[in-house]
Amino acid sequence: MNFMPEPWRVKVVEQIRLPSLEQRERLLAEAGYNLFRIPSEAVFIDLFTDSGTSAMSDAQWAGMMRGDEAYAGSRNFFHLEATVREVFGFPHMVPVHQGRVAENLLFSHLVRPGSIVANNSHFDTTRANVEANGGEALDLVVADGRDPESEHPFKGNVDLRRLRELFASTPRERLPLAMLTLTNNSGGGQPVSLANVRGASELCREFGVPFYLDACRFAENAWFIKEREEGQGHRSVAEIVREVFSLADGCTMSAKKDGLANIGGFLASRDRELIEAIKQRMVVIEGFPTYGGLAGRDLEAVSRGLREVLDEEYLRYRVGQVAAFGRALTGAGIPIVRPTGGHAVYIDAKRFLPDIPQRRFPAQSLVVALYRAGAVRGVEIGSVMFGHEDPETGDPVLAAMELVRLAVPRRVYTNSHLKYVVEVLEQVRDHRDRLRGLEIIEQPKVLRHFSARFREV
Ligand SMILES: Cc1ncc(COP(=O)(O)O)c(C=O)c1O
């Protein structure tokens, strides 16, 4: 079976509409060919991100009605605290409204100018939070993790040799912590093996460096360990998660991913003093430590989501759906980054559109074509996002890869929605010689992908 049936049935539906071709053309022109400027109601299938876009279960919605909206000591905080203890094994935690606040709180406490933080690959908010505190964010993913065609089963692994070299050559006071991101979002959602987490943990212990995990997609990562790592197939995902997190001193978490919630997150640690100190700072920027910028009902949704996500029928389907989507695209001759990760498929636009030169943004051109052909929204991860103009010469500085990410929200789209996306891409493939490149006509100085405007050339 390529696409596996959904292990849930639908109880509530939300209408989606396919705008007419004329409407799509008009919206594209008005948006300056930037999909960030298209209203979501004009998108038929929205594969922009898997973050905060999950569908909650009946049990989570029921839990929302049990929200205790007390300022201090809400019962839902105690539920979440108990869940974090049971699922991850961390005794101390504070809730936050999303993952980057956990990063902000942790790094503003630990990172100083001159600090170096190693990671497999920093997610962009993680990097920004390290750098905002004067630190250097170092990506040490294994070489296979940078090769879009390598079929290595754990392309998110950190290079342990380089990590050891870093630790051995850097004074301890410049190493406030090291991290691993499970799964490695910036590297295509690729997993990290249990052996690699153990190796990184041992090195951290040897050099006395605190070891934290970015846990956003912890359950998907554990599923890959169960499926792909020798000797792990007979264990439950819950057991694997407990072992992975037993190797770390703490974690940051955005519950907008594997928390199966639309908002929320937490920072957890074994270090009581650290969490107590962070509580003081937290009151100023995020809220009292038993609600952390969230309503009591949100805490409950996260608490229930963190347990639900360990359901292996769900995980088999979830990771299987993304893999089947990838296989269907490969079968249609659409080049993608191999193997598919946990939450998204990445199309290699340089290979798909070889006639559009890189300075004309082939991945952005493909994103526009997908919307024009079928009101499907993906996101460009290429020279619009990572490139810039040289401040002296004005010449374009281009990204290493030109990718289009199609992220799959959790429990939102059925297999037939994804088959529709494959058909839209087949149409685009059949007429790809007609696609045009783009030129930027307006852009801000930083983070230009959010608001730049383009013209088709
Ligand atoms: C790996 C990783 N870390 C951190 C974050 C930040 O989480 P949030 O968007 O909740 O602030 C994200 C969000 O996409 C992520 O993918």
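These legends describe close-up views of a predicted model. Numbering starts at 1 along each chain as its sequence is written, and side-chain values use heavy atoms, with hydrogens and water left out. Local features need pLDDT of at least 70 and side-chain atom pairs count only at pLDDT 80 or more, whereas totals for chains, interfaces and linings use all residues.

**View 1. Glu456 and its two arginine partners, Arg372 and Arg436.** Glu456 sits in strand β16 (residues 453–456). Strands (E, at least two residues) and helices (H or I, at least four) are DSSP runs, numbered from the N terminus. Glu456 is buried, at 14% relative accessible area. Buried means under 20%, exposed over 50%, and partly exposed in between (1.4 Å probe, protein chains only). The Glu456 side chain makes polar contacts with the side chains of Arg372 (3.0 Å) and Arg436 (3.3 Å). A polar contact is a pair of N or O atoms within 3.5 Å; within protein, one must be able to donate a hydrogen and the other to accept it, and residues adjacent in sequence count only if both atoms are side-chain atoms. Leaving aside residues up to four places away in sequence, Glu456 touches Tyr33, Val368, Arg372, Arg436, Gly437 and Leu438. Contact here means heavy atoms within 4.5 Å.

**View 2. Strand β14, residues 403–407.** Why is β14 largely enclosed by the rest of the structure? Because 5 of its 5 residues are buried. In a regular strand, side chains alternate between the two faces of the sheet. Leu403, Arg405 and Ala407 point one way from β14, and Val404 and Leu406 the other way. Strand β9 (residues 344–348) pairs with β14 in the antiparallel sense over 5 bridges. Asp348 has Leu403 of β14 as its bridge partner. Strand β11 (residues 379–381) also runs antiparallel to β14, joined by 3 bridges. There, Val379 is partnered with Arg405 of β14. Pairing requires at least two DSSP bridges between the strands.

**View 3. The second largest pocket, about 1,400 Å³.** Its lining has 36 residues, and the closest to the pocket centre are Val12, Glu14, Ala55, Arg411 and Val412. Helices α2 (58–64) and α12 (312–331) are the elements that give two or more residues to this lining. By class, the lining holds 16 nonpolar, 9 polar and 11 charged residues. Nonpolar covers Ala, Val, Leu, Ile, Met, Phe, Trp, Tyr, Cys and Pro; charged covers Asp, Glu, Lys and Arg; the others, Gly among them, are polar. On a 1 Å grid over the protein atoms alone, a pocket is an open set of points with protein on both sides within 12 Å along at least five of seven lines; in a cavity, a 1.4 Å probe fits but cannot get out; lining residues have an atom within 4 Å of a point. Points are joined across faces, edges and corners, and a volume is the space filled by probe spheres set on them.

**View 4. The largest cavity, about 80 Å³.** The structure holds 2 cavities of 30 Å³ or more. Of the 13 lining residues of the largest cavity, Asn34, Phe36, Gln364, Val379 and Glu380 lie nearest its centre. Elements α14 (362–374), β11 and α15 (383–386) each give two or more residues to the lining. The classes are 8 nonpolar, 4 polar and 1 charged.

**View 5. The second largest cavity, about 30 Å³.** Its lining includes Ala118, Val158, Met179, Cys204 and Phe211. Strand β5 (178–181) is among the elements that give two or more residues, and β5 gives the most, with 3. The lining divides into 9 nonpolar, 1 polar and no charged residues.
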